[in-house]
Amino acid sequence: MCGIIGIVARSRVNQALYDGLTVLQHRGQDAAGIMTCEDQRLYLRKDNGLVRDVFHTRHMLRLEGTLGIGHVRYPTAGCESSAEAQPFYVNSPYGISLAHNGNLTNATELKMDLFREDLRHINTDSDSEVLLNVFAHELGRQGKLSIAEDDIFAAVAGVHRRCRGAYAAVAMITGYGIVAFRDPYGIRPLVFGRRETPAGMEYMVASESVALDVLGYELIRDVEPGEAVVITLGGELHARQCAEDPQYSPCIFEYVYLARPDSIMDDVSVYKARLRMGETLASKISREWPQHDIDVVIPIPDTSRTAALQLANLLGVKYREGFIKNRYIGRTFIMPGQQQRKKSVRQKLNAIELEFKGKHVLLVDDSIVRGTTSKQIIQMARDAGARRVSFASAAPPVRYPNVYGIDMPTREELVAYNRSVEEVAREIGADRLIFQDLDDLVQAVQKGNARLSRFDTSVFSGEYVTGDVDGEYLEHLRQLRNDSVKQARREADAEGVIEMHNSP
């Protein structure tokens, strides 16, 4: 999960890109980067850390130009080195930079093809650099000194033919404009909008519509699966379908956890979808547990609040805020190491004892992934004096790893893998555990847009929409993503070791 942004404006874009990335910070806390363009010259600042820590006044002053792209990152397929912060850049052809959200499932084969056939060198483990070089090679095949939108659309069509997996990307072509494109399944989100200024029309592309809202842009629509949108430096907008057989299949976990509730993605209000998740979960509790003696419903901040409030209303049970959150601690799910995740939970949340003491508490969370956070929070509720602690998840059990850009490293690290609901309840210490049904979750999101006939539900069902994920690939991913491997990479980066890779 990453956040991307691109702006074509009539005045300097550095502050707007910074503000947009701050709004998208929830999508990645590991690194941030901005690249701008002015008079055929590029300006880049990127590093590990939060947006506020990466960009200081001296950096902002140097980011000149009315054209730019930005990125916030958390690591999945790559490592956590600052060398993998985005945007990435290649000078040939035309000078292209790119920021990417998602994960390519055939990145290894592509890397070999790029070296052997396209004569391109890849220096990092990031599949985003692979995607950039595939796009650059396809654009270079046009063989022109200057390019037009038809050449760009042909290049994106070439990307679709070669790349598999999830990719929502924004690319900047030096002195020309920006290109936004989305994989043929539309797995990761991407929207674009515009605003009228006295100097002329300005355009913006972003992972979520909330970034457009904050900067005063009017949402036009989502980038369609397989589509490319070209915005020139002169303010012309062109869009074209570039995939042969696009199949709308957005990631349903975006609506459960990843996206902000004030975003609209694929014409679905995330907030309304989460309200409906609370409704269907309440119906399941009433159906399967009609004689419950729940005294109070308490959400686990922040993502579950919307579903928990609706659930409490329908059950006729009091809703209370029982945990106070330290907002200076990052999102626990996307912390890089298991030990760091465990440590951060107690630092992040503090229980209000009077809301727990002597009560049967129903805790509501958006999902249960590793179970580490859930287990500690349940214990916190007991320590605060709760008589009983039940737990409800607005999502079904997460039993399979995500291969499309969310860091769920191995099946063995998922608490629901190969466990029944009762076994998961014992593992996390809950007196009773209720999961959302998958059909109900799909219905809760689909109700917002009837065009969405299919979703990527792979983390719940084990069915991967791209059709190219097998046991061998999952084992390869396990070796790349398990916490011990990441810890070794972090230690190397802390020692100042920069890996310079030889292509295969």
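I started with Phe192, whose bridge partner in strand 11 is Arg221. Strand 11 covers residues 218–222 and pairs with strand 9 in the antiparallel sense, over 4 bridges. For my own reference, strands (E, at least two residues) and helices (H or I, at least four) are DSSP runs numbered from the N terminus, and two strands pair if DSSP finds at least two bridges between them.

Before going on, a reminder to myself: this is a predicted model, so local features need pLDDT of at least 70 and side-chain atom pairs count only at pLDDT 80 or more, while totals for chains, interfaces and linings use all residues. Residues are numbered from 1 along each chain as its sequence is written, and side-chain values use heavy atoms, with hydrogens and water left out.

Next I looked at the other partner of strand 9. Strand 9 (residues 191–197) also pairs with strand 10 (residues 200–206), antiparallel, over 7 bridges. A hairpin of 2 residues joins strand 9 to strand 10. Here I found Arg194 with Tyr203 of strand 10 as its bridge partner.

**Confidence**

I checked pLDDT, the predictor's confidence in each residue from 0 to 100. The chain averages 91, and 90% of the residues score at least 70. Over residues 496–504, though, the pLDDT is below 50, and this stretch has 16 contacts in the model beyond near neighbours in sequence. Contact means heavy atoms within 4.5 Å.

**Strand 2**

Is strand 2 mostly buried or exposed? I got 7 of the 8 residues of strand 2 (residues 31–38) as buried, so the rest of the structure largely encloses it. Buried means under 20% relative accessible area, exposed means over 50%, and partly exposed is in between (1.4 Å probe, protein chains only).

Strand 2 runs antiparallel to strand 3 (residues 41–48), joined by 8 bridges. Ile34 stands opposite Arg45 in strand 3. The two strands form a hairpin with 2 residues between them, and Asp39 in the turn has a positive phi of about 55°. Strand 2 is also joined to strand 4 (residues 67–73), again antiparallel, by 7 bridges. There, Met35 has Ile69 of strand 4 as its bridge partner.

**Gly95**

I wanted to see where Gly95 sits, and it lies in the loop between strand 5 (88–90) and strand 6 (96–104). Gly95 is buried, with a relative accessible area of 3%. Leaving aside neighbours within four places in sequence, Gly95 is in contact with Tyr89, Val90, Met172, Ile173 and Thr174. I also checked Gly95 against Arg41: they are 54 residues apart in sequence and 9.5 Å apart in space, C-alpha to C-alpha.

**Rings**

How many aromatic pairs does the structure hold? I noted 7. Rings of Phe, Tyr and Trp (its six-membered ring) pair if their centres lie within 6.5 Å; planes under 30 degrees apart count as stacked, over 60 as edge-to-face and the rest as tilted.

Phe135 and Phe181 have ring centres 5.6 Å apart and planes at 35°, so this pair is tilted. It links distant parts of the chain: Phe135 is in helix 5 (residues 127–140) and Phe181 is in strand 8 (residues 177–182), 46 residues apart. Phe135 is buried at 0% relative accessibility, and Phe181 is buried at 0% too.

The pair of Phe253 and Phe460 is tilted as well, at 6.2 Å centre to centre and 55° between the planes. Phe253 lies in helix 8 (residues 253–258) and Phe460 in helix 15 (residues 458–461), so the pair ties together parts 207 residues apart in sequence. I have Phe253 as buried at 1% and Phe460 as buried at 8%.

**Cores**

A nonpolar core is a set of buried Ala, Val, Leu, Ile, Met, Phe, Trp, Tyr and Cys residues joined through side-chain atoms within 4.5 Å. The largest has 43 residues, of which Phe253, Tyr255 and Met277 touch the most other members. Helix 8, helix 9, helix 14, helix 15 and helix 16 (471–481) each give two or more residues to this core. Helix 8 gives the most, with 5 residues. Apart from it I found another core, of 34 residues, including Ile147 and Val156.
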